[in-house]
Amino acid sequence: MNRRYLLTAGTAALAVGAGWLALRPQQGSTLLPMAAQAQETTSEAPAPDTTAPDTTAPDAIAAPVEIIEMVQGNPLAKVEVIEYASFTCQHCAAFHADQYQLIKTNYIDTNKIKFVYREVYFDRFGLWASMMARCGGPDKFFGITEELYVKQRDWLAGGDPTQIAANLRQIGKIAGLDDAALDACMQDADLAQNLVAWFEGNSSRDDITSTPSFLINGQKYSNMAYDAFAAVLDEKLAEG
């Protein structure tokens, strides 16, 4: 059975406002929830002068962070498969260990289809994993994704946020990311906010209520065995 969830107005607050960003551990330091960091900063800062005019120029407002689509295969293929999955979803890990490997060999690597991977965030750990995987850009993303699924039980073991953050960093380092790159990616609050908004927009538009879910040329499918998946792909490829 696929993992199901309900989208609520509190999703962004859970994933970002109450979530931990995987900060680089320093000797003698602790990892604080993002909201707690903001609270500490606010408590130490003087009260704002409400009589002062707002001089913020419109062009000084930060632009939304661009979310890059992660694509494999032939970008011009007439058959497009979009996978919606979560890095903390066991059913997604099982799909990537089984059906995906055959799809990659027979359809992606042969440039028969365009394959797009889009993240779903059940929890803050899935968000952190996404931020880390995207840190290496499109060239490293799918290799890191593979490691996240293969080692899913290991990096999630225990449920301790500090240890999970460290585990994710270790996977990133194995993929060739250095501390500076990991710091920049995993402390990027704007990226976190935009990823959650992107996920919510995708899920609402495409009616995604479980993972893994798939859009094949715009038609939604739930998880299925490889033979059924291949039959759908072959049918779409034969059309037109």
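## Starting at E119

Select E119 and R134: the side chain of E119 makes a polar contact with that of R134 at 2.6 Å. Please keep in mind throughout that this is a predicted model. The two side chains also count as a salt bridge, with N and O 2.6 Å apart. E119 sits in strand 4 (residues 114–119) and R134 in helix 5 (residues 124–135), so the pair ties together parts that are 15 residues apart in sequence.

Is E119 buried or exposed? With a relative accessibility of 1%, E119 is buried, because the cut-off for that class is under 20%. R134 is buried as well, at 12% relative accessibility.

The side chain of E119 makes a polar contact with the side chain of S130, at 2.7 Å. Now show what else surrounds E119. Setting aside neighbours within four places in sequence, E119 is in contact with A85, F87, S130, R134, F141, W198 and F199.

## Along helix 5 to helix 6

Next, colour helix 5 and helix 6, the latter covering residues 137–150. At what angle do helix 5 and helix 6 pack? The angle is about 135 degrees, and the axes are 7 Å apart. That makes helix 5 oblique to helix 6, since an angle over 145 degrees would be needed to count as roughly antiparallel.

To see the contact itself, select A129, M132, A133, R134 and C135 on helix 5. Their counterparts on helix 6 are G137, F141, I144 and L148. By class, the residues of this contact divide into seven nonpolar, one polar and one charged. R134, from our opening stop, belongs to the helix 5 side, and F141 on helix 6 is also among the contacts of E119.

Zoom in on A129, which lies in helix 5. Its relative accessibility is 0%, so A129 counts as buried. Leaving out neighbours within four places in sequence, the contacts of A129 are F87, L148, W155 and L168.

## More charged pairs

Side chains of opposite charge can pair when their charged atoms come close. How many salt bridges does the count come to? The count is eleven salt bridges, and E119 with R134 is one of the pairs.

For another, select R169 and D179, whose closest N and O atoms are 3.0 Å apart in a salt bridge. This pair links distant parts of the chain, ten residues apart: R169 is in helix 8 (residues 161–174), and D179 is in helix 9 (residues 179–186). R169 is buried, at 5% relative accessibility. While you are looking at charged residues, select E69, R118, R205 and D206 together: salt bridges that share partners join them into one network.

Then move to D109 and K104. Their side chains meet in a salt bridge, 3.0 Å from N to O. D109 has a relative accessibility of 47%, so D109 counts as partly exposed. K104 is partly exposed too, at 25%.

## Backbone stops

Select N111, in the loop between helix 4 (99–108) and strand 4. N111 is not a glycine, yet phi here is positive, near 60 degrees. The residue is partly exposed, with 43% relative accessibility.

Where is the cis peptide bond? Select T211 and P212: the bond joins these two residues, and omega is about -5 degrees. P212 is in the loop between strand 5 (210–211) and strand 6 (213–216).

Continue to the loop between strand 6 and strand 7 (219–222), where you will find N217. N217 has a positive phi of about 50 degrees, although N217 is not a glycine. At 37% relative accessibility, N217 counts as partly exposed.

Definitions and conventions. Residues are numbered from 1 along each chain as its sequence is written. This is a predicted model: local features need pLDDT of at least 70, side-chain atom pairs count only at pLDDT 80 or more; totals for chains, interfaces and linings use all residues. Side-chain values use heavy atoms; hydrogens and water are left out. A salt bridge is a side-chain nitrogen of Lys or Arg within 4 Å of a carboxyl oxygen of Asp or Glu. Buried means under 20% relative accessible area, exposed over 50%, partly exposed in between (1.4 Å probe, protein chains only). Helices (H or I, at least four residues) and strands (E, at least two) are DSSP runs, numbered from the N terminus. A polar contact is a pair of N or O atoms within 3.5 Å; within protein, one must be able to donate a hydrogen and the other to accept it, and residues adjacent in sequence count only if both atoms are side-chain atoms. Contact means heavy atoms within 4.5 Å. Axes are lines fitted to C-alpha atoms, for helices over the stretch in contact, and angles run from 0 to 180 degrees between N-to-C directions. Angles under 35 degrees count as roughly parallel, over 145 as roughly antiparallel, 65 to 115 as roughly perpendicular and the rest as oblique. Ala, Val, Leu, Ile, Met, Phe, Trp, Tyr, Cys and Pro count as nonpolar, Asp, Glu, Lys and Arg as charged, and the others, Gly among them, as polar.
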